[in-house]
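Trainee: Could you take me through the aromatic rings of this model, one part at a time? I would like a close look.

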Amino acid sequence: MPTPGEIFAEFLLKKPPSWKLPSGIGVLKPYSEIQVQRLLKLFCEKFYSGSKPRILMIGINPGRKGGGLTGIPFTDTFALEESCGLSTDLPQSSELSSRFIYRMIEAYGGAPKFYDNVLLSALCPLGFVRNGKNFNFYDNHIIVDEVKPYIIQHLDMCIRAGVRTDVVISLGKKNGQFLAELNGELQIFDRVVALEHPRFVMQYKSSQLKY
C-alpha cells in the first residue's frame, strides 16, 4: 500500500495539464527539473511516510521563489536546507511566505513533528506568473475555469493520502472563500478555517510575531 508521501509525490510529478490561459500568464513547472523530482521524493519519504491522519493546510498556488522553485509547498531553498535537512544546488531563494511558515514550524516543534501532523500544500499545486511576478489563479475567471478540474483532482489525492476531513485550514482569506464555495459543491470537509496568508502577516503584521 503506498504511503501518503508516495501518493503526494506521484500526483505532483505526473504530466502537468495543458491549459488555455490568458495572454501574458505563465505556469511555473518545477517538476520538470530532475533535481526537483529528487528533492520532492526525498522530502516525502522523510516527512510523509507515516500513515497517521494529517490536517490539510492549503495555500493558493506556489510562488516563484518558494514551491514554484523547489517543488515543496511553502518551502524556499533556505528552509529546505536549514529546517528540512535537504541540500540542493538550486538557485538560493528566500520567500516571505516560507519564512513565516518555517518560523511557525519551528515554534511547533520542528519539521518532523509538524509534517507528522500536517499535510502542507496549495489548492493549485502549479503556480502562475504575470510580468515576472506571482499571480493567484482565482484573480482571473478564465484561469479558474481551466484549473478547477485539476484542483478537484488534487483534493481527491489529499483524501487518498489520508488527510482528515473534519477540518481543512486555508492560508489566505480569499483562498478560504474559494475553498469554502468549492467544498459546498464537493462536500469533502466538515469545516473550512481561513487564516491570513503568511505573506500578508510578514508584510503588515510582522511586529506582532512572537517567534
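Mentor: Happy to. Rings of Phe, Tyr and Trp (its six-membered ring) pair if their centres lie within 6.5 Å; planes under 30 degrees apart count as stacked, over 60 as edge-to-face and the rest as tilted. This is a predicted model, where local features need pLDDT of at least 70 and side-chain atom pairs count only at pLDDT 80 or more, while totals for chains, interfaces and linings use all residues. Residues are numbered from 1 along each chain as its sequence is written, and side-chain values use heavy atoms, with hydrogens and water left out.

Ring pairs join F8, F43, F47, Y48, Y108, F114 and Y115 into a cluster. By the pairing rule, the count comes to 13 aromatic pairs. One of them is Y48 with Y115, edge-to-face at 5.6 Å centre to centre and 90 degrees between the planes. Y48 lies in the loop between α2 (34-47) and β2 (54-59) and Y115 in helix α6 (residues 111-117), so this pair ties together parts that are 67 residues apart in sequence; helices (H or I, at least four residues) and strands (E, at least two) are DSSP runs, numbered from the N terminus. Both Y48 and Y115 are buried, that is, under 20% relative accessible area, with exposed meaning over 50% and partly exposed in between (1.4 Å probe, protein chains only).

Y108 and F114 also form an edge-to-face pair, 5.6 Å centre to centre with 90 degrees between the planes. Here F114 is buried at 2% relative accessibility, whereas Y108 is partly exposed at 37%. Y108 has K113 over its face, at 5.7 Å from the ring centre; a charge sits over a ring if NZ of Lys or CZ of Arg is within 6 Å of the ring centre and within 35 degrees of the ring normal.
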